[in-house]
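Please open the model in your viewer and keep the sequence panel beside it. This tour moves from one selection to the next and says what is there.

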Amino acid sequence: MPQADAGLHADPVTTLMTATRPIRFSQDRNAAAHPLAARLRREVDGEVLFDPASRGRYATDASIYQIEPVGVVVPRTMEAAVTALTIAAEAGVPVLPRGAALPSAVRPSARRKRHGLWFPVDVSTAAQATLGGMAGNNSCGSRSIAYGYMVHRVAAIEACLADGTRGRFGPVAEISEPAIRAIARSAAALWERERDEIARRLPKVARHVAGYNLDCLAPEGQNLAKLLVGSEGTLAWFERLTLDLAEIPAHKALGVAHFPRFWDAMDAAQHIVKLGPCAVELVDRTMIDLSRAIPAFASTIDRVREGRARRNPSRGIRR
Ligand SMILES: Cc1cc2nc3c(=O)[nH]c(=O)nc-3n(C[C@H](O)[C@H](O)[C@H](O)COP(=O)(O)OP(=O)(O)OC[C@H]3O[C@@H](n4cnc5c(N)ncnc54)[C@H](O)[C@@H]3O)c2cc1C
């Protein structure tokens with residue numbers, strides 16, 4: 001499969017540090033003078049943001065959860081990022097990498113498309129998401145039934161560990177760094193010891209999120225990158241990914257089926273996937289009406305959906 005190296009360091013990488021235990025820094029007007037901030041400012045080439053507004057801004061990822069960081073570092077170079085990680089490790093402060101602040105570090109597709117290739121994990125936040133964040137979340141997109149998730153498309157990861165170890169995590173047979181070979185050996189031993197437990201308790205779901213890809217510890221074709229994918233920044237900081245690209249299909253077709261009821265559309269999906277589509281999307285009346293109200297989408301909606309949906313409580317939706 002065609003591969004591409006996607007350096008994540010084309011732009012500064014945002015690093016967010018969380019406290020070892022909850023601290024309400026909003027009340028702490030002296031946080032900007034935190035000793036960690038002083039050291040980071042002295043030694044790191046980048047922005048060091050410990051003020052309440054910045055910590056508030058980085059406390060959220062657009063979900064309902066908010067965890068306020070001790071501070072934020074936006075390194076300008078890869079070396080600066082590694083220096084920040086080292087300083088945080090010495091101070092005993094956990095680090096959480098962040099991606100989406102760096103839109104331009106993402107989308108390799110535009111460049112690859114010239115070569116007839118593209119990166120097919122089309123996460124719906126693609127306009128903002130970064131490859132590092134997508135790998136961290138084991139992201140997937142609407143075409144995952146044909147192209148898989150990040151865990152299927154990341155072939156290797158050059159990463160930095162909390163103890164400063166840097167190297168390439170990929171197929172075990174190709175690992176050269178002794179420290180990473182040692183990790184591969186202990187991962188294999190962990191698999192030997194826990195394989196029954198993993199088989200018994202690891203959920204049999206297509207996509208593992210909120211948990212490590214423990215099934216990827218199996219020695220057959222063992223690839224440490226697969227273990228790092230989905231680790232949500234807890235195992236390593238990814239510097240560079242080697243991705244499996246896909247060929248752009250020569251022909252594309254879109255089929256639109258209208259259903260009188262939501263239930264009928266959901267029921268039809270099991271039959272539609274047998275036709276081998278690369279994506280199946282359900283667009284309900286709420287989405288249609290909302291999209292029609294947005295001028296940029298209105299003409300597209302009108303091309304595939306005529307008339308205006310009206311609700312009939314006894315028969316669902318009809319035109
Ligand atoms: C409206 C909305 C729609 C969404 N739709 C989808 C969807 O269709 N499919 C989907 O899979 N997800 C979806 N998500 C979740 C999320 O936005 C995506 O998974 C996205 O890919 C995350 O990328 P990011 O750059 O924003 O990463 P972030 O949110 O910054 O990070 C995601 C995780 O990766 C880690 N991380 C970031 N960079 C690195 C790095 N360099 N090294 C190591 N770890 C790193 C972070 O610590 C974090 O745990 C959606 C979220 C929202 C709010």
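**A hairpin to begin with**

Strand β7 (residues 154-160) and strand β8 (residues 166-169) run antiparallel and are joined by 4 bridges; here strands are DSSP runs of E with at least two residues, helices are runs of H or I with at least four residues, both are numbered from the N terminus, and two strands pair if DSSP finds at least two bridges between them. Select Cys 160 next, whose bridge partner in β8 is Arg 166. Between the two strands of this hairpin there are 5 residues, and Gly 164 takes a positive phi near 95°.

Before going further, note that this is a predicted model, in which local features need pLDDT of at least 70 and side-chain atom pairs count only at pLDDT 80 or more, while totals for chains, interfaces and linings use all residues. Residues are numbered from 1 along each chain as its sequence is written.

**The whole chain**

Zoom out to see the chain with its 12 helices and 12 strands. Colour it by pLDDT, the predictor's confidence in each residue from 0 to 100: the mean for the chain is 83, and 82% of its residues reach 70 or more. Over residues 101-107 the pLDDT is below 50, and this stretch has 18 contacts in the model beyond near neighbours in sequence, a contact being two residues whose C-beta atoms, placed from the backbone, lie within 7 Å.

**Around the ligand**

Now select the ligand and the 26 residues that surround it, of which the closest are Gly 99, Gly 132, Gly 133, Gly 136 and Gly 233; a residue is near the ligand if its C-beta atom, placed from the backbone, lies within 6 Å of it. Two or more residues of this shell come from each of β5 (95-98), α5 (131-137) and β9 (237-244), and the largest share, 5 residues, comes from α5. Because domain 1 (3-7 + 102-247) and domain 2 (14-98) both give residues to the shell, the ligand lies between them, with domain bounds taken from an automatic or database domain assignment.

**Two residues with positive phi**

Select Asn 138, in the loop between α5 and α6 (144-147), which has a positive phi of about 50° although it is not a glycine. Asn 138 counts as buried because it has 25 C-beta neighbours inside 10 Å; buried means 20 or more other C-beta atoms within 10 Å of a residue's own, exposed 12 or fewer, and partly exposed in between, with C-beta atoms placed from the backbone.

Finish at Glu 232, in the loop between α9 (224-228) and β9, which is not a glycine either and has a positive phi of about 50°. With 16 C-beta neighbours inside 10 Å, Glu 232 counts as partly exposed.
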